[in-house]
Amino acid sequence: ARVAPGALALIARAADGSVRDGLSLLDRALALGEAGSVAGEIGEDQIRDMMGLADRSRLFDLFDLLMQGQTAGALAILAELYQSGADPALLLQDLLDLTHWLTRIKFLPQAADDPAAAEIERRRGRELAGRLSISVLTRCWQMLLKGLGEVQAAPSPLQAAEMALIRLTHAADMPPPGELARRLLEAGAAGNAAPAALSGPAPRTSAPTASAPTASAPIASGPSASASSPSASSSGATAAGRTAVAIEESPHPAPTMSQAEPAVQSLAPLSFVDIVALADAQGDLILRTNLARHVHLVHFEPGRIEFRPGPQAPTNLANRLGARLTEWTGRRWVVSVSGEAGAPSLEQQAQAAIDAEREAAERHPLVQAALAAFPGSVVEAVRELLAPAAPAAAGESEAGEQEAGEQEPAAEQD
């Protein structure tokens, strides 16, 4: 039996430089003719069926649809090739080979004259290489490589291949990272923003994070995290692919509990925040939580507290607080309940500070550009960025080094 030149090219490509694999595939092809299953010359279609390969023209059609973001058409071609006997793993491998070939054409145009490729493949290869950018091709390579590993490990290779192609079509509408960064900088400059904030760390900055909206409450981190309610505490990792933009912190941030809670230096509290810190230091976490969450302060002076309890406050909160303070401080405290509205609870004040930071971040031109680039995204959290410590001067004295070392723990606690 004779083997067509195109079929021999398929065998040589599948052998990938291995003489033993090439001879083995050629023996299998000749066996088709000897068994009489193929009449006359053994062509490309028979070799593709034998090895589970996809038709090259349909492979180009599939790749073109993937780059255009046409999910339905790409999945239809995948189903067609699978029904004709193509192996999903080999199909993704062929897409990887095609991506590599197109990338080489970008740098070496003579690579399009590969003698192993048919004339229609050369023509379509030049067309695709001229239309697609390097960043798009390299992103496609990375996604296909990850998808190939998933197909090889998945219990259903076809389903894994479909998910890999869906990711590719979804990414086709997204700009490459470099292009996105350029657009954000241009949008920020157009909005009279300060792009220099991205070129180096500011003395104290905050980083709002744009991500897909979730049903959970905002994640609180940084100085205000310890005062937030459980619904606003750190509740898990945020979505992948988010964009962080550094903005300048407000010169007069709203006070939060953790900012106002110094380490307990003595047993003579001078403010209600000191009372909460004292309860925390004494290990009475239930009292500490009730004070922060359910107390609306009406009046405070050393030895006397007047507050309005919240609806969920314990009925004996005033008596318990008075007894504890008398025990801890060694002096008598008068704690009474008032009918006046009082101030917001400390947790409410902390949450208000978090909301104010988020609103300030959303008004920043760079953040607005990021939200516009990703429709449906929201600012989920504002995190404080600390500038790295400046290196010590070469001629710094030993005493200065010792002083800097003594101040370092305090700097880490800011």
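Reader: Which residue in the turn between strand 4 and strand 5 has a positive phi?
Author: That's Gly303, with a phi of about 95°, in a hairpin where two residues sit between strand 4 and strand 5. Strands here are DSSP E runs of at least two residues, helices are H or I runs of at least four, and both are numbered from the N terminus. One caution: this is a predicted model, so local features need pLDDT of at least 70, side-chain atom pairs count only at pLDDT 80 or more, and totals for chains, interfaces and linings use all residues. Residues are numbered from 1 along each chain as its sequence is written, and side-chain values use heavy atoms, with hydrogens and water left out.

Reader: OK. In what sense do strand 4 and strand 5 pair, and over how many bridges?
Author: Antiparallel, over six bridges, with strand 5 covering residues 304–309. Pairing means that DSSP finds at least two bridges between two strands. Leu297 has Phe307 in strand 5 as its bridge partner, and Val295 stands opposite Pro309 in strand 5.

Reader: What's the strand order in that sheet?
Author: It runs 4-5-6, an open sheet of three strands with mixed pairing. Strand 4 (295–301) and strand 6 (334–337) are at the edges with a single partner strand each, so one side of each has no neighbour in the sheet. On average, neighbouring strands are turned by 20° against each other, direction ignored; that angle is taken between lines fitted to C-alpha atoms.

Reader: New topic: which residues touch the most other members in the largest nonpolar core?
Author: Leu62, Phe63, Leu66, Leu95 and Leu102, out of 39 residues. Such a core is a set of buried Ala, Val, Leu, Ile, Met, Phe, Trp, Tyr and Cys residues joined through side-chain atoms within 4.5 Å. Buried means under 20% relative accessible area, exposed means over 50%, and partly exposed is in between (1.4 Å probe, protein chains only).

Reader: Which helices give two or more residues to this core?
Author: Helix 4 (56–68), helix 5 (71–83), helix 6 (88–107), helix 7 (119–131), helix 8 (134–153) and helix 9 (157–172). Helix 6 gives the largest share, nine residues.

Reader: And what does Leu62 touch?
Author: Leaving aside residues up to four places away in sequence, Leu62 touches Ala74, Ile77, Leu91, Leu95 and Leu165. Contact here means heavy atoms within 4.5 Å. There's also a second, separate core of 21 residues, which includes Val273, Leu321, Leu325 and Leu346.

Reader: Back to helix 9: which residues are buried there?
Author: Ala160, Ala161, Ala164, Leu165, Leu168, Thr169 and Ala171. The buried residues of helix 9 pack against helix 4, helix 5, helix 6 and helix 8.

Reader: And helix 7, what's buried in that one?
Author: Glu121, Arg122, Arg124, Gly125, Leu128 and Ala129. Their cover includes helix 4 and helix 6.

Reader: Last one: how many helices and strands does the chain have?
Author: 17 helices and seven strands. The chain has 414 residues, and 37% of them are buried.

How values were computed
Axes fitted to C-alpha atoms, helices over the stretch in contact; angles between N-to-C directions.
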